[in-house]
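I opened this model to look up its helix contacts, its strands and a few single residues. My entries are below the display.

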Amino acid sequence: MTSSTYQSAKSDTSALWSEAQTLERTLRSLDAKKRQRKSFSLDDAEERILRTCLLEIYEDLIICDPVSAAAKAVDDKIWNLVFYTRIEELRSLVRRYQTEQGSLLGPAVQELLRHVEQAISFYLTALVILRSTISDDLAEYAVQQYQHVLPPNDSKKASFALLHKFLVSCGDLSRYREIYATEERKQWRIPRWYYQKAIRLNPDVGMPMAQLAIVASQVGNHLEVMYWYCLSLASTTPHQFTKENMSAFYNNRESRLQRQSISDEAMSPLQQMVEHVLSFHRMVFMPSQILPSKVLEMHTAISTLTIKVISTTSQTTSVPDAFKAIFCIMIGTYHHLDNQFSEIDDVALRRSIRIAQVFITATTLELAATLFDLLHEEMTASEIAITSLADVNPIYEFLVPVGVVAVWLEQSMDVFSVWNKYIETFEEGATLQPILMRLARSLCQLANVLTSFADMEGSTEAVPEDADLLGLIPLRPYYAKLSSASLVTILQGRSQSASDQMAVRLSRIAHFTSVLANDPGLPFFVLDETDGSFIVVDDAHRLKGMQRLMKTLATERLRDQVLNLEKQVAKQHELPIVMADTDSWIWQMSKVKTWLMSRNCVIIIPLKVIDDLDRLKKGNEGINARAREAIRYLEQRFHYRSPFLRAQQPSEFLAPEEIPWDRRGYLKNKLYSQSEDSDATIPKHARAILSCALYFQRQIAAPSSPSPANDTKRMNVLESFALITDDVTVRTAAQSVGVTCKGVEEFESALGRTSVEKGRKRRRDARK
């Protein structure tokens, strides 16, 4: 666009709008005549000139007045009038020439590709122009729009909306280009990139998801086809043809299966499971035709194949990714059926919808229970820090799909209400009924492992798998509460370390467990306040009476606690004991929490730290907020009774004669001092925590009887105990009385080396 044209358009866009309307009418008239005559040609010089003129006007309007351009749907007009109509004409000619096998097939394909390339060139230029009008980072702006924090009259919204639609158009054009390209190896990653970029900018619009399903169909990934269709169907603005496309996909699939009979032996367990999942999904997706007996057969087959799949070591596709896709298909379909249920009045059809939802719930819970068992088995078998396994153990990739299920069930507790209401209304429900208790038992086992290190209050951090799912309506209430910074991080394609991601996923499962235990509608799954463990109260126990049940459980639990305590005491003797000062809890709490989660040390909380945090919690400053956060975290951890965290007891202190300083802080015996300054005093604020540190250090070093081994033990005190502080005054005072002291970064580095060494030992033992 020339400078004079730009100035003219800027001063009077009404003339441009009028000219555009004239060209639109002319193009529509010519198109109607061609369709009436059913005559399309490769040479359309007149229309090409009109389309070029109209495109230039639209470009000027987008630059000068993006708000009006978006309001008047200029993006749709560009797509339909300038590009798509001609693309469909050329595709029609290509299909005709393919049938006739004439010499014009090659020129027709070349003309189609030329037109597509011209369209892509325009959209790429337009994207650059629109991007320049938004000064913000696109991911940050997308999160603000997602969380509804933008002002209602924000002028950038129009440019952002056009940007999103132009990305989808680039994806469509790239898809056409790959369909008709002569290269044998198609570059499907290009249209994928445009569609996924559009999803990250506006996850509430389902169109790019539906287009990704079409791309997946081109490469023959049928599970991914249904994954994207279901995400589109369960978005705020579903693509208008998604449901019809899903029905067409299943009709084509059924025709293909009738033509090609493939035995189960020719397929891997994962391929078999995918085929059964798709057959199951078709049945529940069309509840008006549902046959519960047939659906039950599919459900049973899926449950059986799941065991085979997770035990198969070599698969062509990522098994955890497949489970994530299956769970999202179930979640999206359940939501779609909920919408159908609220829109119809037919009693029989409403009942069929609820039966379909019960089957969806049963299959989801069955698969989730199997994965919970797998994770529990792996966690209890691991003798090193759980988080240190995240980088090396592929089993923990299953936390991705079960984390998605945990979030869905936590946000959709009415799923259990529907289950309880309809499970007994059809004959096959009796077979499905035990699944809920099976899930409860599997979750209970896993949760009782998680309570010792996972954050039971949940997490506000996002993880990479969330990027595709932000538009999924059933999960949206959860994602709306995540921190803006973490959402921006995943939309930008950046991510945390594998251990941090694992911590977030574990916290999601842990928090769902807490929500489930507190739901009065699920009385069979509760938290036992006496020992902080989760228990399942089934029908057999309820029949014997709650009092007798609790007495029996208390006896058994006491026996287990003694055995576990013996194991924990033995194990904890091998772990270093550390004591973090108040500053560490306030300013470095995330790192202290990581140490606790690593299970590579025992953390002592001095009474002095608790008193300091209680004093600092009052106020509106940053330090006061951090003190309150630390108190909440400690209360939660003490509630769940982690063996790796304990508070100083009132009896755990030095007797007055054992304290190496007097009331003024001077050392009683200067020979005791290890500092060059023998006149140094112990600051008042450091005395309480140093007294506590001396007590525990002496307890660790004290031998039960004199022996060379106990002399070695005294030498290893430096490795067995440390006071963690970055306070220079406290560190100097600690040195003067012989307390082992480390900085926060210094201890974290040492702890990391310990995890690595234990991991190497475990792998060496496994190879043996």
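The entries run from the whole chain to single residues.

**Ground rules.** I am working from a predicted model, in which local features need pLDDT of at least 70, side-chain atom pairs count only at pLDDT 80 or more, and totals for chains, interfaces and linings use all residues. Residues are numbered from 1 along each chain as its sequence is written, and side-chain values use heavy atoms, with hydrogens and water left out.

**Whole chain.** I read 34 helices and seven strands for the protein; helices (H or I, at least four residues) and strands (E, at least two) are DSSP runs, numbered from the N terminus. Of its 768 residues, 52% count as buried, where buried means under 20% relative accessible area, exposed over 50% and partly exposed in between (1.4 Å probe, protein chains only). I also looked up contacts, meaning heavy atoms within 4.5 Å. Among contacts with a separation of 6 or more, 73% join residues 24 or more positions apart.

**α13 against α15.** I looked up helix α13 (residues 269–285) and helix α15 (residues 319–343): their axes come within 11 Å and cross at roughly 5°. Axes here are lines fitted to C-alpha atoms, for helices over the stretch in contact, and angles run from 0 to 180 degrees between N-to-C directions. The angle therefore makes α13 roughly parallel to α15, a label for angles under 35 degrees. On the α13 side the contact includes Leu270, Met273 and Val277, and on the α15 side it includes Val319, Ala322 and Phe323. By class I noted 13 nonpolar, three polar and no charged residues. Nonpolar covers Ala, Val, Leu, Ile, Met, Phe, Trp, Tyr, Cys and Pro; charged covers Asp, Glu, Lys and Arg; the others, Gly among them, are polar.

**α11 against α15.** For helix α11 (residues 222–233) and α15 I noted axes that come within 8 Å and cross at roughly 35°. The crossing is left-handed, that is, the near helix is turned anticlockwise from the far one by less than a right angle. Residues in this contact include Leu223, Met226 and Tyr227 of α11 and Ala322, Lys324 and Ala325 of α15. The classes here are eleven nonpolar, three polar and one charged.

**His276.** Is His276 buried or exposed? His276 is buried, with a relative accessible area of 17%, and has its place in helix α13. Leaving aside neighbours within four places in sequence, I found His276 in contact with Met298, Ala301, Ile302 and Leu305.

**Strands.** I noted an open sheet of five strands in the order β5-β4-β3-β6-β7, with parallel pairing; two strands pair if DSSP finds at least two bridges between them. β5 (645–647) and β7 (741–742) are the edge strands, each pairing on one side only. Strand β3 (residues 577–580) pairs with strand β4 (residues 602–605) over three bridges in the parallel sense, and Met579 stands opposite Ile604 in β4.

Strands β1 (residues 525–528) and β2 (residues 533–536) pair in the antiparallel sense over four bridges. Phe525 has Val536 in β2 as its bridge partner. In this hairpin I counted four residues between the strands, and Gly532 takes a positive phi near 70°.

**Thr26.** I placed Thr26 in helix α2 (residues 13–37), where Thr26 is partly exposed at a relative accessible area of 33%. Thr26 and Glu47 are 21 residues apart in sequence and 9.1 Å apart in space, C-alpha to C-alpha.

Key. Parallel < 35°, antiparallel > 145°, perpendicular 65-115°, else oblique.
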